[in-house]
Amino acid sequence: MAKHVPNRMCVACREMKPKSSLVRVVSHEGALSIDEKGKAHGRGAYVCKDKDCVDKAFNEHRFEKNFKRGILPEERERLWLALSEIIEAESSSIANVTPEVKTVITADGKEQTIRVIRKGGRK
C-alpha cells in the first residue's frame with residue numbers, strides 16, 4: 001500500500017503540490033518566520049520553491065491576505081531574503097546532478113549503455 005503524501009496549496013499559483021515541495025511561512029505571536037521542519041506553531045502559508053511564485057506572493061500581497069495582517073517593510077525584506085536563499089539552494093542542488101554513462105552486460109550477455117545519475121557531481 002502506498003504511503004499517503006500530504007498536499008498543500010501554494011498561496012501564489014494556487015496549485016496543490018506535495019508538502020515537501022513547498023516552503024511554509026508561519027505567523028506566530030506577531031512574527032513571521034520560515035518553518036523548515038513543518039512543525040512550528042502558528043498559522044502557516046505555503047509557497048512553491050520557485051522565484052515566480054515567491055514574486056507573485058509578495059507582489060499580490062498573498063501573505064498579508066493569508067495571515068489577515070500587514071507586513072512591515074523590514075519584515076517583508078527579511079522574509080524575501082530567506083525565501084530567496086531557499087530557492088537558490090534548491091536550484092543549486094538540482095544543477096549539481098551529473099549524468100554518468102556506463103556500459104553493463106545484461107542477463108542475456110548483451111552489452112547495454114545506461115545513464116547513471118548521481119547527486120553531488122561525483123565521478
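# Briefing on a predicted single-chain model

Buried residues make up 25% of the 123 residues in the chain, and the structure described here is a predicted model. The chain holds three helices and seven strands, which follow one another along the sequence in the pattern β-β-β-β-β-α-α-α-β-β. Among the contacts in the chain with a separation of 6 or more, 39% are made by residues 24 or more positions apart. The accessible surface of the chain comes to about 8,900 Å², and 53% of that surface belongs to carbon and sulfur atoms.

**The three-stranded sheet**

- Three strands form an open sheet in the order β4-β3-β5, with antiparallel pairing, and because β4 (31-35) and β5 stand at the edges with a single partner strand each, one side of each is left without a neighbour in the sheet.
- Neighbouring strands of this sheet are turned against each other by 30° on average, when direction is ignored.
- The antiparallel pairing of β3 with β5 runs over six bridges; in it, Arg-24 stands opposite Tyr-46 of β5, and Val-23 has Val-47 in β5 as its bridge partner.
- β3 is also joined to β4, with which it runs antiparallel, by five bridges; here Val-25 stands opposite Ile-34 in β4, while Val-26 stands opposite Ser-33 in β4.
- The hairpin of β3 and β4 has two residues between the strands, and in this hairpin Glu-29 takes a positive phi near 55°.
- β3 is mostly covered, given that six of its seven residues are buried.

**The nonpolar core**

- In soluble globular proteins, nonpolar side chains tend to be buried together.
- The largest nonpolar core of this chain has 21 residues, and the members that touch the most other members are Cys-10, Val-47, Phe-63, Leu-79 and Leu-83.
- Two or more residues of this core come from each of the elements β3 (22-28), β5 (43-48), α1 (51-59), α2 and α3 (73-95).
- Within α1, the buried residues are Cys-53, Val-54, Asp-55, Ala-57 and Phe-58, and this helix is followed by His-61, whose phi is positive, near 55°.

**Cys-10 and Cys-48**

- Cys-48 is accordingly in no disulfide, its nearest cysteine sulfur being that of Cys-10 at 3.5 Å, and the count of disulfides comes to zero.
- Both cysteines are covered: Cys-10 is buried, with a relative accessible area of 0%, and Cys-48 counts as buried at 4% relative accessibility.
- Leaving aside neighbours within four places in sequence, Cys-10 is in contact with Glu-15, Leu-22, Tyr-46, Val-47, Cys-48 and Cys-53.

**Helix α2: Asn-66 and Phe-67**

- Phe-67 is found in helix α2, which covers residues 62-67, and Asn-66 lies in that helix too.
- Are Asn-66 and Phe-67 buried or exposed? Because its relative accessible area is 18%, Asn-66 is buried, with the limit for a buried residue set at under 20%; Phe-67, at 8% relative accessibility, likewise counts as buried.
- Apart from neighbours within four places in sequence, Asn-66 is in contact with Val-11, Arg-43, Gly-44 and Ala-45.
- With such neighbours again left aside, the contacts of Phe-67 are Val-25, Val-26, Ser-27, Leu-32, Arg-43, Gly-44 and Ala-45.
- Phe-67 and Val-26 are 41 residues apart along the chain, yet their C-alpha atoms are separated by 8.8 Å.

Conventions. Residues numbered from 1 in each chain as written. Predicted model: local features only at pLDDT ≥ 70, side-chain atom pairs only at ≥ 80, totals over all residues. Heavy atoms only, no water. Disulfide = S-S within 2.5 Å. Buried < 20%, exposed > 50% of the residue type's maximum accessible area, 1.4 Å probe, protein only. Helix = DSSP H or I, 4+ residues; strand = E, 2+ residues; numbered from the N terminus. Contact = heavy atoms within 4.5 Å. Core = buried A, V, L, I, M, F, W, Y, C linked by side-chain atoms within 4.5 Å. Areas by Shrake-Rupley, 256 points an atom, 1.4 Å probe, with all protein chains shown as cover. Pairing = 2+ DSSP bridges. Axes fitted to C-alpha atoms, helices over the stretch in contact; angles between N-to-C directions.
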